[in-house]
Structures are given as C-alpha cells and as structure tokens.
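Work through the exercises below with the coordinates open. Each task is followed by a solution in steps.

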Amino acid sequence: MTETTESAETSAARFNPFENPQFLQLMVYRIFTMLSYQTVAVAVGWQIYSITRNPTALGTIGLAEVIPYFLVAPFAGYLVDHLKRRVLGMFSCLVLALTPLLLLLVTTGKVHVEGTWFIYLAIALSGCVRSFLGPIYNALFAQVLPRSDFVRGAGFGAVIFQLGLVLGPAFAGVSIAKWGLSTTYSLAAVFAVAAAIAVRTIKVGERPRPESRPPIFASIAEGGRFVLGNQILLAAMALDMFAVLFGGAISMLPAFIKDVLNEGPEALGILRAAPALGSVVMALWLARNPLERNAGRILLWAVALFGLCWSAFALSHWLWVSAAILVVSGLLDGISVVLRSTIMQLTTPDEMRGRVSSINGIFIGSSNELGAFYTGSMAGLMGLIPAVFVGGILTVAVVLLTAWRAPKLRSLDLRSLQ
C-alpha cells in the first residue's frame, strides 16, 4: 500500500459530515428537492388513476416527464459547468415549485380543464426542471468535499437521497388521506422553496472562469465522448438504466393497491416508501463500511437480485409481504446507488461534472419514467401482474449481458480509482 493510499484511507476514516456545514447544507438542498418531487409523484399518480382507472395512464405520466427531460438535460449539464451553480440551483428549485402550484390550481378548480392534459403539462415542466437538480448537486458535492472524502460522502449523500424517497411517499400518502390533494400540493411547493434557500446560501469558492466558452454543442459532445470512452462508467450507467426500465414498477403501485391488494392511499405511501427504507438502511451501513474490493461483482449481484424481488412482488397478494419484498429490493438498490455515485465522482474531472451528471441523468433519471411507460404499456397488453413479473426476469438478463460485455466493471476494485 502506498503512502498516498494510506493517507486517503486515514482521511476517509475521519470523515464526519457534521463537521462540514457546507456539505450539510447541500444535503438540506437534496432532501427538500426529493421531498417536493416525491410528494408530487405520489399525489399525481393517485389523482390520475382515480380519474382514469387505467394503468396505461400511469405510464403516460412517466412519458410526459421523460421527453422534456431528455431534451433539456444536455443543455442543463452545459449550463451547470459554465454558470454559477448556486444561483442556477436556486432558480431551478423555484421553478420546481411551479409544478405543484399548477396542479393545485387544477385540483381546487381555479383552472377549469377537460380531461387530464393540464396535469401532464405540469409534469412536463417538472421534467425540464429535474434535469438541472442532479447535475447541480453532483457539481457542488465536489466543491464542498475533498477528494479523499468522496467515497464516504457519496454514502452519506445516498442516505439523504433515500431518506427523501422514504419520507416523501410516506408523507404524501398520509397527507392525501388526511388533508386531501390540495394541501399535499401546497406543501410540495413549500419544500421546493426551502431547497432554493438552502442551495443559494451554500458558501463555496468561485471556480476560475475560462477565458472563452466552447461552442455549446461541441462542449456537450465532449462530455458524451468522455462517458462513451470509459467502460466502467458507461457500464454502470447502462446497467442501472435497464434494471430500472424493466425491473422498477413503482409507477404501477396505485394499480396494485386498488386492484390487487384492495387498500387505500395510506398503503400507497407504505409501498412507495418501502424500497427507500431498505436503501436508507443499506446506505447508512455503506457510509460506515464503504465497499471497495470486488465492488463490480457486488454491483452485478445486487442488480440481479433486485430484478428477482420485483418478480416476487408481482406474485404477492398481501400488503405486508409486498412491503417486505420492496424493503429487500431497496437494500439491493442502495448498493447500486452508492457504488454508481462513487464511480461517477471518482472518474469525472471537475470541469465536466455538470455534463457527465446530465448524461448520467439521461441514463438513470429518465429510466424511471421510461420504465413507467414501458410497464404501463405492457400491463395494458398482458395484464398488470405478468408485466411486472416478466420485467424482473428481463433485469436479470441485462445483468448477465453487462457482466459479459463489460469485464472492467466485473473486476472493478474502487481503490484503483482513488
């Protein structure tokens, strides 16, 4: 072991997020954006399915978000790399607040529209804004932490991310049942404003400004070439994308709740929060015990078992059995989230963090919405339960293909990237 490696490990062992106020403030930004987005996601799903009683309509929610996300994400990454990140983050969060406010106008009858098109329009706005949130977080992450703290910092960041996934759906389910959709949308807007205040007041040094900005499309292409030329990073992104595309059926939970489990909105909150609860537990453990050796193989096994969990979930007809399966799926997904985040932070140059994070968002963030559309469409063709069951099996097939085509990921040891 070299002296440099020993020094990095000693520094990582001393990592304490509570001693870095700027890092903590970044975590406040992250959890409030998650709370706002997740609260809206649960409320919209419940509202759309109550109106249509059609699982395909749930999938269309994902499509309405992912199309604008795809269109905006490359430009979002460019802007994050070339503009003031805190100011851009503040404006992004304020626009994020517009989605629940627009939905509030529809729900309260202040805006009279026929059908659900206006709801989908509000979700499209959310997709545009969300393309900025991840790149801003990842870029600021590298500014508030030294490189030696990246591994454990990524673990702690994953805890906060997954905590938002737990609290957001659980809060939304209870809020819809107790106070209704209008109050739920109002609180989602408050969360977004709180995130705007948090990110704007982070204190970081100004990055040196380049003498001239490269042409926007050339700059975007440079980020794309970097990702395509890095087998480990590309394989990790693709693995997660296809796993969520085929194996993640979170968007179908309102249909399972109403048509399979015969429960109410509180149960929707429980099931939406269950995977994130497992991820929080795993991320907490990984923050204290970071994976380094055999990281690639562990990642592949975790994603394969994640897919099998969703196949098992499709066959369950009991609420608490379903919730337990989703907790296990969250434990496995927590491994994937932490390892992928760590790989991206360790392999990306600082001047490219916005663009690489945007590409990662296209792979990962959009896969949730594409997965929602895919599963909703398949549910319409072959039935809800068969669609989710087959999706889990396809996830295992993706893992086998990745293990074969990406040997560098399969043999990855994170110590080689530090």
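Buried means under 20% relative accessible area, exposed over 50%, and partly exposed in between (1.4 Å probe, protein chains only). The model is predicted: local features need pLDDT of at least 70, side-chain atom pairs count only at pLDDT 80 or more, and totals for chains, interfaces and linings use all residues. Residues are numbered from 1 along each chain as its sequence is written, and side-chain values use heavy atoms, with hydrogens and water left out.

**Exercise 1.** How many salt bridges does a search of the whole structure find? Describe the ones formed by Arg130 and Arg340.

Solution. 
- The search finds five.
- Arg130 pairs with Glu65, with the closest N and O atoms 2.7 Å apart.
- Because Arg130 lies in helix 6 (residues 117-144) and Glu65 in helix 3 (residues 55-82), this pair ties together parts 65 residues apart in sequence.
- Arg130 and Glu65 are both buried.
- Arg340 meets Asp240 in a salt bridge of 3.6 Å, N to O.
- Arg340 is in helix 14 (residues 319-347) and Asp240 in helix 10 (residues 231-247), so parts 100 residues apart in sequence are tied together.
- Arg340 counts as buried because its relative accessibility is 11%; Asp240 is buried, with a relative accessible area of 5%.

**Exercise 2.** Describe how helix 7 and helix 8 pack.

Solution. 
- Two packed helices are described by the angle between their axes and the distance between the axes.
- Helix 7 (residues 150-178) and helix 8 (residues 181-200) pack at about 145°, with axes 7 Å apart. Axes are lines fitted to C-alpha atoms over the stretch in contact, and angles run from 0 to 180 degrees between N-to-C directions.
- Phe171, Ala172, Ser175 and Ile176 of helix 7 meet Leu181, Thr183, Thr184, Leu187 and Phe191 of helix 8, where contact means heavy atoms within 4.5 Å.

Note on methods: Helices (H or I, at least four residues) and strands (E, at least two) are DSSP runs, numbered from the N terminus. A salt bridge is a side-chain nitrogen of Lys or Arg within 4 Å of a carboxyl oxygen of Asp or Glu.
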